[in-house]
Every structure is written in C-alpha cells, then in structure tokens.
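User: I would like to learn how to read salt bridges and pockets in a model. Could you take me through them one at a time?

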Amino acid sequence: MKPTKLCALGLCALPAMATAQSRYNIVYIMTDDHTAQMMSCYDKSNVETPNLDRIAADGVKFVNSFVANSLSGPSRACMLTGKHSHKNGFTNNEHGVFDGSQQTMPKLLQKAGYQTAIIGKWHLVSTPTGFDFWNILPAQGDYYNPNFITMENKTVREKGYVTNIITDKSIDWLEHKRDRSKPFALFVHHKACHRAWLPELKYLDLYEDKTFDLPETFYDDYEGRPAAAAQEMNIAKHMDMAYDVKMYTKGVTKTPLAPTYESMIGRLDPEDRAKYDAFYNKLTEDFNAKNLKGKELAEFKFQRYMRDYAKVTKSLDDNVGRLLDYLDEAGLLDSTLVVYTSDQGFYMGEHGWFDKRFIYEQSLNTPLVMMLPKGLDARGDIEEPVQNIDYAPTFLELAGAPIPDDIQGCSLVPLLKGEHPKDWRKAVYYHYYEYPAEHMVKRHYGIRTERYTLVHFYNDIDVWELYDLEKDPDQLHNIYGQPGTEALTADLKKQLRDLQIQYDDPILEKYPL
C-alpha cells in the first residue's frame, strides 16, 4: 500500500522558509546512551549537568522525545535520513552497513548552500557522505588515546580523553576550517556515555562518596512478560566484573570481557595507567575482601555502574560548556540553533537493567533540548511527542530548503515558534530488529500514545503487551487480553496499523492487524 505523507493527521511538509535571516547555523550535539535520568534538567536525583541545562534554560526541553529504534547505528541513520529503519535500510548494528549513496539531510543542506561537518562517532560502517569535512572514530572508538579516521582515510592516534578531543576538533573546525561566507551545520557526535564508562582521570574520585538510590523496579521478576525475562542485560546476572564493574587484577581476573577491558585501558600512557590502576586496584582489593554474594553483589555492581557513568557524564557536561562558551564568544549564538540529544535512552537499573533496545520508557525516551536563536520564540517545556526522524525536516526548513516528500519525519519549526498545532501526531511508531544478538532483546514493534504502550514481540515469539502509563508508569503489569481492555486494544491496534501504513512498514504484510 502506498504510504500517505502525514505528520500526524495532515500536518507536515510546511512551506520552507527562504528568507536570509532564517538560514540559521546548526550545531547538533549527540551523545551515545545518555539518558534523561542522568541529566539534571530532567531529573535532579542523580547528577548535576549545569551546561546541558543551559541549553534548556535558553530554549526548550522536549518532555516527550522518542526514538524510532533504540540502537546506536539505526538511530543515527534515522536522524540522517528522516526515515524509519526499514526505509533507510540500516535496521541493526550486527549486520548493517549504511547506504551512503541515498538521500540524506546533510546532502540536502549542502545543496542549499550549507557547509557541513561531522566530528566524533559515526558508527554506520560506511564512509560518511554529505559532509564537507569529517573526522570520525572507527567503530565504537576508545575513551583513552583514541584513533580517528581522516578524510584521507588515514588512521591517526590522538593523545588524550575522547570527549575533550572531539570538542577540541569541533572548536578548531569552527574557528579555522569553515567557510565563513556560508551557513554551517556541525554534527558533534560524542562517544560518551557508551559502555564501558571509562572516566577522565581527573574525575576518578568523583561520586565515590555518593550512594545512588536503587530504582524501585531493580528487582523486577518480569512476571507475565516473557520477552522482558529473556533479555541478557541484567546488572546482577550479565554485567562483566572486569569490563563493566572494573574489579580486575591483571593476569588473574578471568571473565569473558576481561581481555577487551585490558586492551581498552592498555591504551593509556604508562603514567596515566599507573594512576588508573592505583584507583581501581584499591577498589578491587576491598571488593575481594568482602566476598559479596546475592543482593549485596548486585547492588555493589549497580553503585559502581552509576558512579562510573556519572563521571563520564561530568566530562561530557564540561565539554558542552566549552563549546557553548566558544559559540557565545564568537558571537554565533544569536544565529545558531544548538541541539543536544542522545541516540537513545538507557536503563540505569530500572527493571534491573543496563543498555537499551526495548520500547519501554527509559530506552524509548531520549533527552532533547535546544538553545534557540533569534526568531524562534518558544521557551520552556514542549509536550508534543517528537521523534528522531523529525530532526532532518526541521533542519531543512530552517535552512530554507525543500523537504522531500519521502522524508517521514515532521518539522519541529512550528513548535520552536511556540505554536501548538492541533493536528500534531498523537502517537509514535517503534520497531526494533536486532535479534538474535548482544543482550538478546526480542524483535518487536509497537506504538506509544500519551497514555498507552502497545507492543508485539515477534519472530521466535508471539507475545503482545499493553501498558497503561497513567496507572502503571513502571510498566510492570501487562494488561493485554484482560477483560475490559477489548475496545482499548482494538483502538490502539487500529492506530498501530495506521502508522504502519503511513510509514509503509512491510511488517504489516507478515503480521496483519
């Protein structure tokens, strides 16, 4: 069935703005696995992120920001193309290679006269296209003394901490390499806060005196939810003691990921390695002496996870501040849209988990804040549901460029102007594909409305789940099939089917609704 071009119930492909003053510069900052629970303008209980909060304070914070596929590479492909995974062809990390020959938002910005650059994490396997300048990390990249791939296809090892280096390179491009006669779009893609959460050395001691609150769902037993029970991302069961928890003695600790961990910290210079080992060796000695078991061990792993993740976030926040300060000092803020987001959310112990992938709230949600230039007057929280397929049409409209009909996202420009379109989308569509693979999250698709989540797990399983987010925000009680939910389920399935038709997802042919 031919897809219908809709944003919600008729909105989108708004007339492109073409006036000179509307050709804003764009600085798009994207992190990896940074979740709203670890960003203080969303949640003050864990960490303070004053520089990230500056973006929201001088612009807007989206409180219903979602991804289309909660996985790094696919999420990036959705952002670049404005299309769901089945349309851009990059459905999963395990076997995917992004087709760089296809239409992308950076290519369309170039066509509109913009200079484009991407620095940092790429994670799409193929060589970047649509960028006048690029300098990227190979694959996941490293935190310490990382390699970068240049446009000449040379691999260069850089000295330092990856978050600092990416920011240095971004500021250098802005100051020395860009064509000042053109508007620009700079994509700053950080490795942080990706596993295995290796801190900048100056922050090794940070958060060591903080005890993080255990999520209420930490000991979730997944009753009535076989797909949730089948995953392999449980902190107690699946976190590697060396790679994740860093309780490691060289030549002694034997875990599946210990060799990988050793190779990562082995990139440190000898003097820095000595500092690193002095800190974690003391923790390891104390840990070994306690011989923790059961819940004590699980909660120890949780605290180590939270502390290291928070340390990585601290360096990230510092560097966002450095970039904002440069833009301010260079007189660019009045003409530049600054976007901060992550490729998806992440579990910080909710349901006992780390990682992402599920349609459930913590990984479906992603932080999204924007510092707005003159002419875009919205301020404060934006409640309309938005998705990462919306970034491409937003940037194109702000560039005065036409939005191709095959882009599936919706321009956010009306929301950035302070408008509240009555026919804005009422639900978002989600589809996750990577199974069997790391963490063993089953394939699934679903819909998330203001109040409900409906999801179908498929492939080697056939399970439906339905959650009432008003009554059950933790998504512990699957009410699918319960008496009294028949009309609700039928309505949600109709909305799901409508979105599958709108987005032309072929899964509907295999599992008709």
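Analyst: In general, side chains of opposite charge can pair when their charged atoms come close. In this predicted model, one such case is the salt bridge between D504 and K87, whose closest N and O atoms are 2.7 Å apart. The two partners come from distant parts of the chain, 417 residues apart, with D504 in the loop between α14 (486–502) and α15 (507–510) and K87 in helix α3 (residues 85–88).

User: Is D504 buried, exposed or partly exposed, and what is the relative accessible area of K87?

Analyst: D504 is partly exposed, at a relative accessible area of 25%, and K87, with 36%, is partly exposed as well.

User: Where do D244 and R195 lie in the chain, and are they buried or exposed?

Analyst: The side chains of D244 and R195 form a salt bridge with an N to O distance of 2.6 Å. Because D244 sits in the loop between α7 (235–238) and α8 (258–265), while R195 sits in the loop between β8 (184–189) and α6 (226–230), the pair ties together parts that are 49 residues apart in sequence. Both of these residues are buried, and both also belong to a network of salt bridges that links D33, R195, D244, D355, K356, R357, E434 and E438.

User: In which helix do D498 and K494 lie, and how many salt bridges does the structure hold?

Analyst: D498 and K494 are both in helix α14, where a separation of 4 residues corresponds to about one turn of the helix. Their salt bridge has its closest N and O atoms 3.0 Å apart. D498 counts as partly exposed because its relative accessibility is 36%, whereas K494 is exposed, with a relative accessible area of 51%, a value that can be read against the cut-off of over 50% for exposed residues. Counted over the structure, there are 38 salt bridges.

User: Turning to pockets, what is the volume of the largest pocket, and which residues lie nearest its centre?

Analyst: The largest pocket here has a volume of about 710 Å³, and of the 28 residues that line it, Q37, D43, E350, E361 and Q362 lie nearest its centre. Helices α10 (294–329) and α11 (361–364) each contribute at least two residues to the lining. Sorted by class, the lining of this pocket comprises 11 nonpolar, 10 polar and 7 charged residues.

Conventions. Residues are numbered from 1 along each chain as its sequence is written. This is a predicted model: local features need pLDDT of at least 70, side-chain atom pairs count only at pLDDT 80 or more; totals for chains, interfaces and linings use all residues. Side-chain values use heavy atoms; hydrogens and water are left out. A salt bridge is a side-chain nitrogen of Lys or Arg within 4 Å of a carboxyl oxygen of Asp or Glu. Buried means under 20% relative accessible area, exposed over 50%, partly exposed in between (1.4 Å probe, protein chains only). On a 1 Å grid over the protein atoms alone, a cavity is a set of points where a 1.4 Å probe fits but cannot get out, and a pocket is an open set with protein on both sides within 12 Å along at least five of seven lines; lining residues have an atom within 4 Å of a point. Grid points are joined across faces, edges and corners, and a volume is the space filled by probe spheres set on the points. Ala, Val, Leu, Ile, Met, Phe, Trp, Tyr, Cys and Pro count as nonpolar, Asp, Glu, Lys and Arg as charged, and the others, Gly among them, as polar.
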